[in-house]
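Subject: Structure handover

Hello,

I am passing on the structure you asked about. My notes on it follow below.

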Amino acid sequence: MAGLLLLVFGGGVAGAFGALLGLGGGVLIVPLLTLGFGLPLREAVGASLVCVIVTSSAAASVYLERDVANLRLGMTLEMFTASAALAGGLVAFALPDRALALMFAALLLYVAATMARGRGADLAVKPAPDDPEAVAPAPAEAPGNGLAASLSGPGYRVRNLGRGVLGSLVAGIVSALFGVGGGIVKVPLMNLAMGVPLRVATATSNLMIGVTASAGGLIYLLRGGIDPYVAAPLAVGVFAGASLASRMADRVDLRLLRVLFVAVLVVTATQMALKGLP
Amino acid sequence: MKASRLERKVGLVLAVGSAVSVGLLTLGIVAMGASQIGPLDRPFPRFDLGRVPADLAAIEPAGFLWLGLLAVILTPSVRVAASLVGFAASGERRMTAVALIVLAIICLSAILGAGG
């Protein structure tokens with residue numbers, strides 16, 4: 001019983017951190033399960049994918065209701081994130097655990113560096129759409145074909161769809177290999193390269209995470225990579241933690257939290273790297 | 001800003017899917033606690049869709065857990081299917097094709113996953 005509660009609590013902390021810092025929580029869940037509970041990396045990734053889908057579905061429903069997420073852009077990019085997640089899921093079962101651990105350590109360091117530069121906190125703050133800082137500078141005559149124009153939203157025009165496709169492929173592979181949402185790739189890409197306002201990019205990325213993670217998650221489920229005794233309490237904890245944190249985001253010192261989070265990521269990356277070394 | 005009807009319906013699908021998933025998973029966790037099953041007990045039950053109804057009827061934790069996990073994983077696909085219907089109804093042929101492709105990729109994942 002104590003183990004069950006510990007797992008729910010651990011999921012709650014990961015979900016709260018993830019929600020406050022604009023991440024899915026997967027970067028914390030996988031190390032929690034492998035380093036904290038001694039689970040094999042692949043089972044940890046399977047459980048993390050479940051958690052990522054739960055938080056994505058819950059958050060995306062609110063974003064759609066408020067008309068913040070761009071459904072058409074998200075679904076167009078999902079063709080590529082889901083394809084790549086399918087490939088990533090198959091590759092994950094072919095790679096040795098040690099290689100996955102080393103690659104995960106590299107991912108953690110990348111996320112830590114991104115957070116240290118401030119991008120991660122930007123994701124959590126979610127400025128208003130009329131905030132000039134929130135929108136990447138758009139050219140006066142936004143180039144683009146009919147498809148890009150049809151995916152644009154009120155006040156912005158989607159551009160560089162090709163770069164969006166490439167970034168989506170990377171995000172999909174990262175999601176299935178490491179059990180994360182891939183928002184750390186998609187949000188800056190949509191905002192900076194494609195001209196999508198930050199708030200819309202964050203919401204659209206959240207919407208896409210569900211389909212991306214479910215393409216990878218199905219492979220884990222059907223190949224015995226999901227432990228229901230671990231995934232269920234963790235997912236409920238993550239759901240509760242993320243829901244609670246989103247209500248108290250205004251009362252938390254995000255700068256302090258970010259410093260703490262970067263420190264945790266660097267220590268965790270070191271431990272994951274040690275796990276991966278022969 | 002007010003969401004369009006399609007966005008509202010798709011959002012509702014996700015909200016209902018999340019609530020059902022978390023509800024089923026919570027029932028499974030309660031059943032785990034009642035059956036003295038720990039999260040690190042080995043071996044854990046493998047997914048077998050054919051066993052789920054029998055496990056549910058017997059109030060076995062695995063039945064609720066697998067049904068909840070299936071609901072989690074399939075909720076985004078139901079969202080895509082709902083979007084497909086909405087796009088088709090409104091005559092958006094390009095987006096209908098996009099939704100069909102996304103659904104096909106998810107089906108391919110299931111086929112390749114089952115084949116491994």
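A residue is called buried here if 20 or more other C-beta atoms lie within 10 Å of its own, with C-beta atoms placed from the backbone. Please keep in mind that this is a predicted model.

Helix α8(A)

By that definition, the buried residues of α8(A) are G164(A), G167(A), S168(A), A171(A), G172(A), I173(A), V174(A), S175(A), A176(A), L177(A) and F178(A). The cover over these buried residues includes α2, α3, α4, α5, α9 and α10 of chain A. The helix itself runs over residues 161-178 of chain A and has 18 residues. From its first C-alpha to its last, α8(A) reaches 25 Å, close to the expected 26 Å. After α8(A) comes G179(A), which has a positive phi, near 70°.

Confidence in chain A

The mean pLDDT of chain A is 85, and 89% of its residues score at least 70. Over residues 121-143 of chain A, pLDDT stays under 50. For that stretch the model has 41 contacts beyond four places in sequence.

Chain B

Chain B has four helices and zero strands. The radius of gyration of chain B is 18 Å, well over the 13 Å that the globule rule gives for 116 residues, so chain B is more spread out than a compact globule. Its C-alpha trace spans about 55 × 35 × 25 Å along the principal axes. Of the 116 residues of chain B, 41% count as buried. Taking contacts in chain B between residues at least 6 apart in sequence, 62% join residues at least 24 apart.

Where the chains meet

In the model, 50 residues of chain A are in contact with 55 residues of chain B. On the chain A side, the elements that give two or more residues are α1, α3, α4, α10 and α11 of chain A. The largest share, 12 residues, comes from α4(A). By type, the chain A side divides into 33 nonpolar, 10 polar and seven charged residues.

The largest nonpolar core has 131 residues. Those with the most contacts inside this core are A47(A), V50(A), V54(A), L108(A), A235(A) and V102(B). Leaving aside residues up to four places away in sequence, V102(B) touches M75(A), E78(A), M79(A), A82(A) and V211(A) in chain A, and V80(B) in chain B.

Regards

How values were computed:
Residues numbered from 1 in each chain as written. Chains lettered and ligands numbered in written order. Predicted model: local features only at pLDDT ≥ 70, side-chain atom pairs only at ≥ 80, totals over all residues. Rg over C-alpha atoms; globule rule 2.2 N^0.38 Å. Buried ≥ 20, exposed ≤ 12 C-beta atoms within 10 Å, placed from the backbone. Contact = placed C-beta atoms within 7 Å. Expected span 1.5 Å × (residues − 1). pLDDT = per-residue confidence, 0-100. Core = buried A, V, L, I, M, F, W, Y, C linked by C-beta atoms within 7 Å. Nonpolar A, V, L, I, M, F, W, Y, C, P; charged D, E, K, R; others polar.
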